[in-house]
Amino acid sequence: MEVEFPLPSLGADMESATLTEWLKKPGDRIRRGEPLVTVETTKGLIDIESYEDAQVLEQLVQPGSKVAVGTVLARLEVTGAARAPQAPPAPQSAPAPPAAAGTAAPASVPARAETPGEGVTRHSRISPAARRRALELGLSLEQLGREAAGGIVHLEEVEKLAAAAPAAPTGARAAMRATIGAAMARAKREIPHYYLGHHADFGPARDWLTAHNAALAVKDRLIDAVLITKAVALAAARIEGFNGYFRNGRFEPSTAVHAGAAVAVRGGGLVAPALLDADRKDLATLMQDFSALVTRVRAGHLRSGEFTAATITITSLGADGVDALFPIINPPQVAIVGAGAIRDQAWVRDGQLLIRPVLTLALAADHRVTDGRSGARFLRAIADLLAQPDAL
Amino acid sequence: MDPTALRTKLLSLLAGVAPDIEPGSVDPERALREQFDFDSMDALHFATAVSEAFGIEIAETEYPRLASLHAAEQLVQERLAARG
């Protein structure tokens, strides 16, 4: 069956993208979950994965072209069993559902195994250092496209281009800021947030981590963020109302827990790609996934599946951060957990004054779905899980 | 180990871990966390790269000794000297 392959929406308020590179040419076979095409968005390069086993018939858009969401990029001949009728996501509606039933949205869960670092440099025609400099200079990929046609763009070419075309009015960095602003404005406009905070004794988790890591080579060690992510994912799987999407006027719970991990992009902005099935993965696997995800963020090259799949988000300001952060929900999700810096603080237990590493958790949740009572259960569940790290 | 060769090697490891920073812009004395917003995952990636490139053990409690380029140089020199 012949189908069209449209540019999907890869998040709230994405309207268009610039096609960077075709990864398959006409005649090539492509498997479900395999990347077909790379596009540049305000959040960096993203490989868009095929949602079917298919053969590429025709490419309809050339590299360097900027196209709107919903524009047909290619025609494919589906070779496997067709899943669903073709329906390009409407650019004006709510962001394309990560797991849209009944439409042919690109696979939200890549079928192939994730290999750390894979795809990071293979398709990049602009070196990451050059990309960062281009961001600073306000040069867009479209401007760099001509340079890229001749091979890999390095820092030198970027500087040359900047000298030739000074003072670009809007840069990619400004575009990312605008994208974040639009999504957060929508969240604040549409979602009645409520906020809860809770202090958790991170001592048991810290002791467990120290003992666990002592026996391991550096590359196999775990970090705090992985334990916190697993605890949030498990709590989200157990306590209803915090995992899924609010769409079309109602809450659609998700059985799978795909934990969005907010990762800061150097020089400004952030992205929150998903750690798929975070509640079901053991800590070592989750750590590998997390590590590979950060590597892809650093290289500015994510995948469409992980970009849109998150069913709940976790954000942290890290060791240099402040005690607490009260985050804004990433629509159409219904909850986000903020983790503050873990700090030694005075802690009273059984009438004793102790010094413990304390983690301040904050929850922002959607009042259309839950209320403070279930929110409190959810936050306590996270703290309880962190108190029993063997259970993670 | 020759200090220049060591610095070059560490800068290339840093570039591998954080391809979005320009190696020429690294201030050897300043903490990477402060200079480049290194998070705990970046720090772990750098520690892994250093450990594997020089074949040295780095305990978790020693991560602060990789805080800056200069600190990392001292740690590596120390370990290589101890190995003889």
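**Sheets and cores in chain A**

Start with one residue pair: A:Thr18 has A:Lys66 as its bridge partner, and that partner sits in E7(A). Keep in mind that this is a predicted model.

**The five-stranded sheet**

- Strand E2 of chain A covers residues 16-22, and this strand runs antiparallel to E7(A), with 3 bridges holding the pairing.
- Both strands belong to an open sheet of 5 strands in chain A, ordered E7-E2-E4-E5-E16, and the pairing in this sheet is mixed.
- At the edges you'll find strand E7 (66-68) and strand E16 (301-303) of chain A, each pairing on one side only.
- On average, neighbouring strands here are turned by 40° against each other, if you ignore direction.

**The four-stranded sheet**

- Chain A also has an open sheet of 4 strands, and this one is antiparallel, with the order E1-E8-E6-E3.
- Strand E1 (2-6) and strand E3 (29-30) of chain A take the edge positions, so to speak, as each pairs on one side only.
- E1(A) is joined to strand E8 of chain A (residues 72-78) by 5 bridges, in the antiparallel sense.
- Within that pairing, A:Val3 has its bridge partner in E8(A), namely A:Leu76.

**The nonpolar cores**

- The largest nonpolar core holds 106 residues, and the members touching the most others are A:Phe378, A:Ile382, B:Phe46 and B:Val50.
- Helix H6 of chain A (residues 224-238) is the top contributor to this core, giving 9 residues.
- Domain 1 (2-78) and domain 3 (193-391) of chain A both supply residues to this core, so the core lies between them.
- Leaving out residues up to four places away in sequence, A:Ile382 touches A:Ala231, A:Val232, A:Ala235, A:Val337 and A:Leu361.
- There is also a second, separate core, made of 5 residues, among them A:Ile191, A:Ile329, A:Ile336 and A:Ala364.
- As a rule, nonpolar side chains in soluble globular proteins tend to be buried together.

**Chain A overall**

- Chain A has 392 residues, and 52% of them count as buried.
- Take the contacts in chain A with a separation of 6 or more: 66% of them join residues 24 or more positions apart.

Notes. Residues numbered from 1 in each chain as written. Chains lettered and ligands numbered in written order. Predicted model: local features only at pLDDT ≥ 70, side-chain atom pairs only at ≥ 80, totals over all residues. Heavy atoms only, no water. Core = buried A, V, L, I, M, F, W, Y, C linked by side-chain atoms within 4.5 Å. Buried < 20%, exposed > 50% of the residue type's maximum accessible area, 1.4 Å probe, protein only. Helix = DSSP H or I, 4+ residues; strand = E, 2+ residues; numbered from the N terminus. Domains from an automatic or database assignment. Contact = heavy atoms within 4.5 Å. Pairing = 2+ DSSP bridges. Axes fitted to C-alpha atoms, helices over the stretch in contact; angles between N-to-C directions.
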